[in-house]
Amino acid sequence: MRAGRYSVRFDPRTVLVCVALIVVGAVVVVLSVGTGTYELSPVEVLRTFAGNGPPGAEFIVLDLRLPRALTAVLVGFGTGMAGAVFQSLTRNPLGSPDIIGFGNGASAGALVAIIFLDAGAPQTAFGAVFGGFATATAVYLLAWRRGVHGYRLVLVGIGMSAVLGSATSFLYVRADIGKAAQAASWMIGSLNDRGWSEVRIAALGLLVCAPVVLGYARRLTVLEMGDDTAGALGIPAERSRLVLLSAGTGLTAMAVAAAGPIPFLAMAAPQLARRLTRAAGPNVLPAAWMGALLVATADLVTQRVTGSALMPVGVVTGVGGGLYLAWLLLRERRAHHL
């Protein structure tokens, strides 16, 4: 599509998938906001958004439930986008930030702030960002050998993830029982008691990092073809990779700061989005909207199944992600048999 000096290239199926994910996600958010002890129908929720809802609904919807739902959407959006970036850079479907250590680094930084500094939401966010970028820097330098290639990044990241897991266990041992319980609940990935401060943290991560990822999306597609091809097309491969790694780390860190590490989300969202779009390339936006839908749906499931909002959303994504991984392994095994 051309307009003067500018042109936009898009795939109609990908646009349709994104629109469908947005619509379904909006429906899930409305259902989630209406779920709870004070039950509200979707029509009542929409009327409350418009300012003419039932008596008392405005406080419940806008102050108590809407921040939780928005945190779920923003965290899922950022994590899904980060997963697409890392899987594309590593050229590996397992190259998601939670597996190669970037998410664990953000978690370790946030835990230090929670356990030892008695930090609130802003300080926890700073700790997560610092831990995420410190881990990213260490992995990048250790994986460097005339550039950073995907398989080395994955191997070094898995090793770093194991080290950070041990460090996290050590932090639990050193913490008092109250802080350890608080940190343990947060480490599963939880949306309980999330307010507007967490919404602002997740939104800030998206405002800073998402435009960078979208601006470099074309370079990300070219990088999948190899550094030599990227160089022949005039794209500085290593500099582009470093910018994308930084943006993906920022998205991961801010999502972890807002809701804790949500397992399997960054791995599953890009793959599910790619199966829907059937398009080559990283599918950054479809993966982001898929991540938003997955977290919002998982949050709705926790409330519907338990009758409350106390069960961490990471429990649902962990079970779903485990089943998805088992299905992938079974599918691969059958393909090899054939």
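How close do the axes of helix α3 (residues 57–90) and helix α8 (residues 196–215) come, and at what angle do they cross? The axes come within 9 Å and cross at roughly 25°.

Before going on, note that this is a predicted model, in which local features need pLDDT of at least 70 and side-chain atom pairs count only at pLDDT 80 or more, while totals for chains, interfaces and linings use all residues. Residues are numbered from 1 along each chain as its sequence is written, and side-chain values use heavy atoms, with hydrogens and water left out.

**Stop 1**

Select both helices (helices are DSSP runs of H or I, at least four residues, numbered from the N terminus). Axes are lines fitted to C-alpha atoms over the stretch in contact, and angles run from 0 to 180 degrees between N-to-C directions. Angles under 35 degrees count as roughly parallel and 65 to 115 as roughly perpendicular. α3 and α8 are therefore roughly parallel to each other. Now show side chains: residues of α3 including L62, L66, L70 and M81 meet residues of α8 including W196, V199, L206 and V213 (contact means heavy atoms within 4.5 Å). By class, this contact of α3 with α8 has 17 nonpolar, 2 polar and 2 charged residues. Ala, Val, Leu, Ile, Met, Phe, Trp, Tyr, Cys and Pro count as nonpolar, Asp, Glu, Lys and Arg as charged, and the others, Gly among them, as polar.

**Stop 2: α3 and α12**

The contact of α3 with α12 has 6 nonpolar, 6 polar and 1 charged residues.

**Stop 3: the largest nonpolar core**

Next select M81, L89, V213 and L251, which touch the most other members of the 34-residue largest nonpolar core. Such a core is a set of buried Ala, Val, Leu, Ile, Met, Phe, Trp, Tyr and Cys residues joined through side-chain atoms within 4.5 Å; buried means under 20% relative accessible area (1.4 Å probe, protein chains only). The largest share, 6 residues, comes from α3. Centre on L251: leaving aside neighbours within four places in sequence, its contacts include M81, L206 and V213.

**Stop 4: S107**

Finish at S107, in helix α4. S107 is buried, with a relative accessible area of 1%. Beyond four places in sequence, S107 is in contact with W186, M187, V256 and P261.

How values were computed. Helix = DSSP H or I, 4+ residues; strand = E, 2+ residues; numbered from the N terminus. Parallel < 35°, antiparallel > 145°, perpendicular 65-115°, else oblique. Buried < 20%, exposed > 50% of the residue type's maximum accessible area, 1.4 Å probe, protein only.
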